[in-house]
Amino acid sequence: MTTVLVTGGCGFIGSNFIRLLLAEEPATRVLNLDALTYAGNLENLADIQTSDRLSFTRGDIGDRALVESLLAETPVDAVVNFAAESHVDRSILDSDPFVRTNVVGTQVLLDACRRRGVDRFVQVSTDEVYGSLGETGLFTEETPLSPNSPYSASKAGGDLLVRAYCHTFDFPGIITRCSNNYGPYQFPEKIIPLFIANALADKSLPVYGQGRNVRDWIHVSDHCRGILAALRRGRPGEIYNFGGRCEIANIDLTRELLRLLGKPESLIRHVADRPGHDMRYAIDCTKAERELSWAPRVAFAEGLSQTIDWYREHADWVARVQSGEYSKYYERQYGTRLKS
Ligand code: NAD
Ligand code: TYD
């Protein structure tokens, strides 16, 4: 048996990754450390919670005593760090939790892992650390870091600490940077699940500005396969980019969602643009293809319809995660009530 500590395993990508890891590796045990913030939900692992290879600890990656005692109790072979504050708009409203979790939390994990001599540490990061592209070009692993939002700056801070630990202490860290994910269990504050949920409820879809900003979409299952490949086949000290080679402007994505849902374009509401809004992200993932024998598999049209079906079938899940704290955030962000 090998043991992998997954942090943030109750969030969107972390829960999809744990499901993949347990299915792909029958001799792997998973420890899931998650603080259960508004974005973390044990229900995301309901179908696998009875597995005797999965255990859960509720806690903060920035809690040094807790992290050290967890690693002392159970020897861990590898760590995959998903735990993060992940939403750009929230980082504009309040960057405090972003710096605490994404920077300081990463540092606490790195220190504890270094002391315990873990064999691998995968830092799950984002293409947003590279900043914004114009109409042409792609981010490669060599693109200089140029983060523009408090979210991406805090992720870049975590990445730079991983890089520094690799360089200074010969620490076996690997950084993965992925483009925008979509798929099941994504919290409905991000554009795709938010717009599906709103359209299903005949509520307006708030498109920032003219909706000309471009994102490169990848299905979460492809991202998770990439992280697993980096964990098992990646070289320590390296960075691997993952992307879906699927660029689409927000307004075209919005129209496509409405078409697939059979809802009218009159639901589109252009609202004030996001401050500092990055224009375009697009990833060159040839290094991951070459070195990790990885490639994205899910075609966007197929993945998007499956995702719509998932949200239709999980209306209860959406209603539960949208209750409480989220409705206050929605009102503050969009100046309108979530439930009317
Ligand atoms: P998410 O917001 O859905 O989940 C984050 C999880 O981390 C939640 O379960 C939350 O409870 C947990 N968490 C937050 N703070 C914590 C703390 N201090 N200690 C322990 N747990 C904590 O995020 P996601 O979309 O699943 O993203 C996961 C990772 O992937 C993040 O590091 C993010 O930066 C990165 N990423 C996301 C995308 C994307 O499109 N969603 C793309 C590239 C990279
Ligand atoms: P988001 O899902 O927040 O991901 P990120 O900012 O990390 O790329 O946003 C994706 C794109 O959708 C981004 O260009 C901002 C835009 N957007 C809207 O137009 N309206 C919204 O309500 C949200 C949440 C995002």
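Reply: Ligand 2 is surrounded by 20 residues, and the closest are E128, R215, R274, H277 and Y334 (a residue is near a molecule if one of its heavy atoms lies within 4 Å of it). This is a predicted model, in which local features need pLDDT of at least 70, side-chain atom pairs count only at pLDDT 80 or more, and totals for chains, interfaces and linings use all residues. Residues are numbered from 1 along each chain as its sequence is written, chains are lettered from A and ligands numbered from 1 in the order in which they are written, and side-chain values use heavy atoms, with hydrogens and water left out.

Let us go through the contacts of ligand 2. An N or O atom in the side chain of R274 lies 2.5 Å from an oxygen atom of ligand 2, and for the side chain of H277 the corresponding distance to an oxygen atom of the ligand is 2.7 Å. The backbone takes part too: a polar backbone atom of I191 is 2.9 Å from an oxygen atom of ligand 2. On its own, ligand 2 has 510 Å² of accessible area, and the protein covers 98% of it (accessible areas come from the Shrake-Rupley method with a 1.4 Å probe; for residues, only the protein chains shown count as cover).

The shell around ligand 2 has 9 nonpolar, 5 polar and 6 charged residues; here Ala, Val, Leu, Ile, Met, Phe, Trp, Tyr, Cys and Pro count as nonpolar, Asp, Glu, Lys and Arg as charged, and the others, Gly among them, as polar. At least two residues of this shell come from each of α3, α6 (191–200) and β8 (205–208). These elements are DSSP runs numbered from the N terminus, with helices (H or I) of at least four residues and strands (E) of at least two.

Helix α3 spans residues 88–93 and holds D89. The side chain of D89 makes a polar contact with the side chain of Y208, at 2.7 Å (a polar contact is a pair of N or O atoms within 3.5 Å; within protein, one must be able to donate a hydrogen and the other to accept it, and residues adjacent in sequence count only if both atoms are side-chain atoms). D89 counts as buried because its relative accessible area is 4%; buried means under 20%, exposed over 50%, and partly exposed in between, with a 1.4 Å probe and protein chains only.

The loop between β7 and α6 is the place of Y185. Phi of Y185 is near 75°, a positive value in a residue other than glycine. In general, most residues other than glycine have a negative phi. Y185 is buried, since its relative accessibility is 14%.

Now for ligand 1, which has 28 residues around it, with I13, D34, S86, Y151 and K155 the closest. A polar side-chain atom of Y151 lies 2.7 Å from an oxygen atom of ligand 1, while a polar side-chain atom of D60 is 2.9 Å from a nitrogen atom of that ligand. Taken alone, ligand 1 exposes 840 Å², of which the protein buries 96%. Its shell has 13 nonpolar, 12 polar and 3 charged residues. β5 gives the most to this shell, with 3 residues.
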